[in-house]
Amino acid sequence: MVRKIGVLTSGGDAPGMNAAIRSVTRIALNNGIEVVGVHNGYKGLLDENFEPLTRASVSDIMDRGGTVLGSARLPEFREDEVQNQCIKNLKRAGIEALVVIGGDGSYRGGLSLTRKGINCIGLPGTIDNDIPGTDFTIGFDTALQTCVENVDKLRDTSSSHHRCSIVEVMGNHCGDLALYTAISCGAEMVITPETGYDELEVIEKLRYLGEAVHKNHAIVLISEKICDVDALAKKVTSMTDFSGRATVLGHIQRGGSPTPMDRMRASRMGEKAVDLLMEGIGGHCVGIIDNEIASVPIQEALERPRKSRKALYRLFDRLV
Ligand code: ATP
């Protein structure tokens, strides 16, 4: 039976990580298991930046954005030597197993530690919704709410000025934030890694919307790293009836108090992580699929193809 576990947050921070830390801590303590918070992700394992967590340490953190444990990236953690040193540090502190809250890179780190004898369970903490093994990641719902609130505001002003707002949202390799925001805000276009990008097509569609449909404003949602949105906005101004304006929502998408949905997901997943560790299981990641809590081996999850969003893209097209 596991007696002492650690919990860490790694990679980009996401709203709801604190609710996950709280859940892991409270569920473990209520089962007689000691809990240690590891500060700054895998870097904290190397630096032995450990803090015993009590019920009180995780009081009043549920509603806070970010992560009270801090997060970091430690590229050297891929190296055997670094991992071995971390395992020594964990053993010295009596930490027998770990809950790792982060993205797929963090999952890979957890899998390496599991293979070396420290059972790790991964929880999907990222706003991008790009982690396999779950329908939704912790943080996605809050980021979506932030995107929707901001795009609604942009729509108010763009409709008063015959403007086309091109809004860049996060989602490296995953278009969910752009797609869900586009549907929720009634955008005119959505451009994501899944749709591909053709500048001429965008200009032609906007011309059509302006000249044939007589739209007096347009919103284009675009995932990050697809094109230079400022350059695209200038082209829109010079080649269509619209005045093009680019807005990059940036890091505000990572902030804010987590929505109740993110708090619920984080609390449920935290509970499952501790249950798995109590069963002696490691190398798994936790998710919620069709509203049922689930876990799969990390390796299997990472090899799974991403869930198709075809039906949602079709819905978007039918709503324009
Ligand atoms: P996000 O989705 O927010 O980027 P992430 O967890 O995918 O989160 P990464 O920077 O990819 O973010 O990974 C976080 C940390 O996990 C890395 O800094 C590194 O310490 C560890 N890590 C990443 N990939 C591996 C790997 N292949 N093997 C071992 N550890 C890894």
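**The ligand and its surroundings**

An oxygen atom of the ligand lies 2.6 Å from a polar backbone atom of Leu74. That is a polar contact, meaning a pair of N or O atoms within 3.5 Å. Another involves Gly12, with a backbone N or O atom 2.9 Å from an oxygen atom of the ligand. Asp104 has a polar side-chain atom 3.0 Å from an oxygen atom of the ligand. On its own the ligand has 620 Å² of accessible area, and the protein covers 84% of this (Shrake-Rupley method, 1.4 Å probe).

The model is predicted: local features need pLDDT of at least 70 and side-chain atom pairs pLDDT 80 or more, while totals for chains, interfaces and linings use all residues. Residues are numbered from 1 along each chain as its sequence is written, and side-chain values use heavy atoms, without hydrogens and water.

How many residues surround the ligand? There are 17, and Gly12, Arg73, Leu74, Gly103 and Ser106 are the closest (a residue counts if one of its heavy atoms lies within 4 Å). Helix α4, residues 104-115, contributes the most to this shell, with five residues (helices are DSSP runs of H or I, at least four residues). By class, the shell holds nine polar, four nonpolar and four charged residues, with Gly counted as polar.

**Salt bridges**

The count of salt bridges is 14, each a side-chain nitrogen of Lys or Arg within 4 Å of a carboxyl oxygen of Asp or Glu. One of them joins Lys43 and Asp47, at 2.8 Å from N to O. Both residues belong to helix α2 (residues 41-47) and are four residues apart, about one turn of the helix.

Notes. Polar contact = N/O pair within 3.5 Å; in protein donor to acceptor, adjacent residues only side chain to side chain. Helix = DSSP H or I, 4+ residues; strand = E, 2+ residues; numbered from the N terminus.
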